[in-house]
Amino acid sequence: MRPPGQALQPRKPTLPVTRPTVALALGGGGARGLAHILMLEVFDELGLKPKIIAGTSIGALFGAAYASGLSARLIRAHTEEVLSQRLGLTRYLLSARSEPVQRFLNILPIRSSLLKPELLLDHMLPSKVARDFAHLAIPLKVVATDFYAQEQIVLDSGDLRSAVAASMALPALFTPVTRDGRVLMDGGLVNPLPFDVLKGDADVTVAIDVSGAALGPGNRVQPTAFSALVSSSQILQRSIVREKLKAQQPDIYIDVEVDEFHVLEFHRFKQVMTAAGQAKDQLKRQLERVLTSQTAEMLPAASQSSAPSPPKKRLSGLKRFARKRSL
């Protein structure tokens with residue numbers, strides 16, 4: 001009870017806590033990219049929605065599903081169901097072969113062939129994935145390679161499935177995709193980890209690298225000609241990522257240890273996800289630390305007359321955090 005004659009002090013409004021925005025980059029890596037599903041689970045578990053997503057190849061595929069508003073749990077269930085139906089998937093892969101190669105196969109009994117990525121996506125993507133960028137719940141940037149211009153192209157509008165198909169059109173496995181007069185193929189040839197295309201889009205940038213690393217002497221087997229051809233693109237991608245990280249780095253970089261898996265070993269999806277468990281825990285810890293630190297820094301002062309508090313130290317495990325903000 002207040003003393004007589006003392007005026008009632010108005011209660012100061014409580015300002016909502018502002019969480020930093022997060023941009024998410026999902027890299028390419030074939031079957032290794034199944035690990036992205038576990039990274040998306042971290043965002044769901046933390047109740048954190050990325051402000052924007054960028055993806056290359058299989059990163060574009062899972063990025064499109066998540067940006068469409070699907071939960072990581074639904075994406076995981078659908079992926080496991082599709083990859084468990086090996087016989088049905090094999091039949092679908094055969095039906096997805098490009099027509100010129102089908103005619104060639106009528107002459108020579110070659111088991112492997114070029115596939116149409118658009119048809120494969122119809123089988124791989126959940127039915128609720130958006131058909132157009134305009135219908136996405138989260139903005140998405142898809143990275144592809146322009147065959148004739150020999151440069152990166154970032155797709156963020158128009159038909160979504162043709163963009164994802166172009167981004168994952170790995171040479172020697174998929175036919176290139178023609179879109180808006182451009183001949184496009186695998187984005188990993190120019191930008192396998194596209195965190196740089198998210199520069200300035202959010203307070204914190206997270207990059208998930210599934211390009212793999214060199215195998216130790218005990219894990220080496222003689223590759224087939226086809227395996228060497230497909231894996232050569234992964235060697236290129238890993239080299240590009242290493243050079244990019246020398247020039248600039250994301251706020252959070254997760255290098256998922258999925259080196260033992262070949263880029264086409266989708267049938268080992270359970271082992272890939274198990275191997276990615278440690279990276280999932282690492283991402284969750286780092287995001288929790290970053291969100292706690294950044295949220296505290298973004299809180300307004302209690303009053304104008306309050307003495308300024310000393311600046312907080314940056315987290316030692318992170319390379320950079322300085323960003324311009326308008327509070």
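This section describes the fold composition, helix packing, nonpolar cores and selected residues of a predicted model.

Residues are numbered from 1 along each chain as its sequence is written, and side-chain values rest on heavy atoms, with hydrogens and water left out. Because the model is predicted, local features need pLDDT of at least 70 and side-chain atom pairs count only at pLDDT 80 or more, whereas totals for chains, interfaces and linings use all residues.

The chain contains ten helices and eight strands, taken as DSSP runs (helices H or I, at least four residues; strands E, at least two) and numbered from the N terminus. Of its 327 residues, 47% count as buried; buried stands for under 20% relative accessible area, exposed for over 50%, and partly exposed for values in between, with a 1.4 Å probe and protein chains only. Among contacts (heavy atoms within 4.5 Å) between residues at least 6 apart in sequence, 77% join residues at least 24 apart. Pro20 and Ser293 are separated by 273 residues in sequence, while their C-alpha atoms are 9.7 Å apart in space. Pro20 lies in the segment before β1 (22–26) and is buried, with a relative accessible area of 3%.

Helix α1 (residues 36–46) is largely enclosed by the rest of the structure, because nine of its eleven residues are buried. The buried residues of α1 are His36, Ile37, Leu38, Met39, Leu40, Glu41, Val42, Phe43 and Leu46. Just after α1, Gly47 adopts a positive phi of about 65°.

Helix α7 (residues 160–167) packs against helix α6 (residues 117–124) at an angle of about 110°, with the two axes 9 Å apart. Axes are lines fitted to C-alpha atoms, for helices over the stretch in contact, and angles run from 0 to 180 degrees between N-to-C directions. Angles under 35 degrees count as roughly parallel, over 145 as roughly antiparallel, 65 to 115 as roughly perpendicular and the rest as oblique. Helix α6 is therefore roughly perpendicular to α7. The crossing of α6 past α7 is right-handed; a crossing is left-handed if the near helix is turned anticlockwise from the far one by less than a right angle, and right-handed if clockwise. Pro117, Glu118, Leu121 and Asp122 of α6 meet Arg161, Val164 and Ala165 of α7 in this contact. By class, the contact of α6 with α7 has four nonpolar, no polar and three charged residues, where Ala, Val, Leu, Ile, Met, Phe, Trp, Tyr, Cys and Pro count as nonpolar, Asp, Glu, Lys and Arg as charged, and the others, Gly among them, as polar.

Arg161, in helix α7, is buried, with a relative accessible area of 9%. Residues up to four places away in sequence aside, Arg161 touches Leu121, Asp122, Leu125, Pro126, Ser127, Val129, Ala130 and Arg131.

Helices α2 and α7 pack at an angle of about 155°, with their axes 7 Å apart, and are therefore roughly antiparallel to each other. Their crossing is left-handed. Ala60, Leu61 and Ala64 of α2 and Leu160, Val164 and Ser167 of α7 make the contact. By class, the contact of α2 with α7 has five nonpolar, one polar and no charged residues.

In soluble globular proteins, nonpolar side chains tend to be buried together. A nonpolar core is defined here as a set of buried Ala, Val, Leu, Ile, Met, Phe, Trp, Tyr and Cys residues joined through side-chain atoms within 4.5 Å. The largest nonpolar core has 73 residues, of which Leu140, Leu160, Val206, Ile208, Val256, Leu283 and Leu287 touch the most other members. Helix α2 (residues 58–67) supplies the largest share of this core, eight residues. A second, separate core of twelve residues includes Ala23, Ile52, Ala54 and Phe195. Leu140 touches Ile53, Ala54, Gly63, Ala64, Ala67, Phe133, Leu155, Asp156 and Leu160, not counting residues up to four places away in sequence.

Two loop residues other than glycine have positive phi values. Phi is near 55° for Ser57, which is found in the loop between β2 (52–56) and α2. Ser57 is buried, with a relative accessible area of 11%. Phi is also near 55° for Asp180, in the loop between β5 (177–179) and β6 (182–186). Asp180 is exposed, with a relative accessible area of 70%.
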